[in-house]
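Subject: Structure for your files

Hello,

Here is the structure, with notes on what was found in it.

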Amino acid sequence: MKKIKRITALLLALCLVMGLAACSSKDSGTTGGADDQPSAPSGTNDAAPSGGESGGSDAAPADRSLMIGTTIAPASFLSSMGASNPYMSMIFDTLVMYDEDGELVPGLATEWSYTDDYTLELKLREGVKFTGGQEFVASDVLYSLNYWATETTMAESFSAYDLAACTAPDDHTVVLKFTEIYGPAVSALTQFSMFSEDWAKGASGDDWFTSPNGTGAYVCTENLDGQQTSFVRKDAADYWGELPECESVTYKYYAETSTMYIDLEQGALDLAYNIASVDAERLMNGTEENKDLTYQLQGMRINMGLGLCEYCPYWEDVRVRQAVALSLDTAAIAQAALGVLWQPADSMLPSSVSYYYSVGQRQQDIEKARELM
């Protein structure tokens with residue numbers, strides 16, 4: 001029988017936003033929290049390659065493991081160090097989650113409602129346990145939020161909170177208080193992993209690195225600095241939600257995308273994230289050497305901005321700013337910077353983020369630019 005070769009290459013496409021930074025030389029990009037990792041590559045929603053011989057009752061069982069290549073080095077799961085760690089969601093859950101359609105759905109919190117303009121009440125899921133056996137309760141939520149607010153770089157995200165007034169009336173109820181009307185109160189909860197208070201207070205840096213304790217679907221079995229991170233799926237009895245298909249997932253770190261792509265072509269990897277634009281172009285053109293590879297483009301939560309000199313008196317004239325913006329060929333700039341991995345922007349926010357609103361693509365108009373000047 002003919003052996004079936006199935007390898008998937010996953011490309012991450014940068015959503016390019018070309019913005020005129022008239023008053024600053026900095027990029028106009030935005031940053032987020034724990035899930036602000038490029039498309040947070042968790043690997044938990046990818047179907048595993050089937051492999052093996054085709055047909056027959058004696059066919060080998062489906063291979064439910066994944067080997068994923070990435071250019072993002074494994075990091076500690078300590079939140080103060082790993083806010084951008086793309087593997088956090090393998091181990092830790094959040095109170096609220098996004099589904100595949102971008103809608104807010106229950107996570108560790110099953111219900112939420114406002115009792116007044118400044119008070120959000122959460123009902124927590126019962127029967128949830130951490131990997132170490134501790135029960136997930138309301139005090140863990142208060143501890144986790146205070147930790148994110150005081151021990152990490154996420155303090156700004158809690159500027160509207162009155163953390164001292166937040167309470168836990170019982171083990172499965174949390175009352176969050178705010179000092180002002182805070183629109184993103186619920187959606188912001190998708191960013192913050194929940195930790196076991198009892199475990200976290202006594203955990204060492206090594207514990208956070210090699211054996212993080214979370215309520216997520218996977219257990220970290222190996223975390224080799226600069227090399228790879230491996231996970232094994234929990235048993236159904238040990239996880240509160242629907243288990244993903246993959247029984248084991250390993251992320252292998254590559255310093256060079258060319259080496260990663262060679263491993264992908266040779267079958268050493270099932271998936272590869274962030275391949276180089278030159279390899280992406282070959283793949284997308286369907287050349288003979290990679291005809292067994294498929295790809296998927298995913299938007300990243302990254303803006304790229306064009307920064308101009310900060311101290312320039314001409315920027316005070318709005319017509320100058322408009323003229324410069326109208327003279328830019330953003331498509332050509334994007335093509336030169338990213339090759340095939342680009343998408344023309346129609347907003348200052350990538351389409352994958354909350355509150356995205358399309359205002360239309362910037363069109364080059366040299367004649368109008370001249371008129372303004």
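Which residues have the most contacts inside the largest nonpolar core? They are Phe-77, Leu-95, Phe-136, Leu-176, Leu-189, Trp-208 and Phe-231, in a core of 59 residues. A nonpolar core here is a set of buried Ala, Val, Leu, Ile, Met, Phe, Trp, Tyr and Cys residues joined through side-chain atoms within 4.5 Å; buried means under 20% relative accessible area with a 1.4 Å probe, protein chains only.

Residues are numbered from 1 along each chain as its sequence is written, and side-chain values use heavy atoms, without hydrogens and water.

Helix H2 (138–151) gives the core its largest share, 8 residues. Helices are DSSP runs of H or I, at least four residues, and strands are runs of E, at least two, numbered from the N terminus. In H2, 10 of 14 residues are buried, among them Val-141, Leu-145 and Trp-148. The buried residues of H2 pack against S7, S8, S9 and H3.

Leu-95 has contacts (heavy atoms within 4.5 Å) with residues including Leu-122, Phe-136, Val-141 and Leu-189, leaving aside those up to four places away in sequence. A second, separate core of 11 residues includes Tyr-254 and Leu-283.

The mean pLDDT of the protein chain is 79. Over residues 1–57 the pLDDT is below 50. Where pLDDT is low, the predicted coordinates should not be read in detail.

Regards

Definitions and conventions: This is a predicted model: local features need pLDDT of at least 70, side-chain atom pairs count only at pLDDT 80 or more; totals for chains, interfaces and linings use all residues. Buried means under 20% relative accessible area, exposed over 50%, partly exposed in between (1.4 Å probe, protein chains only). pLDDT is the predictor's confidence in each residue, from 0 to 100.
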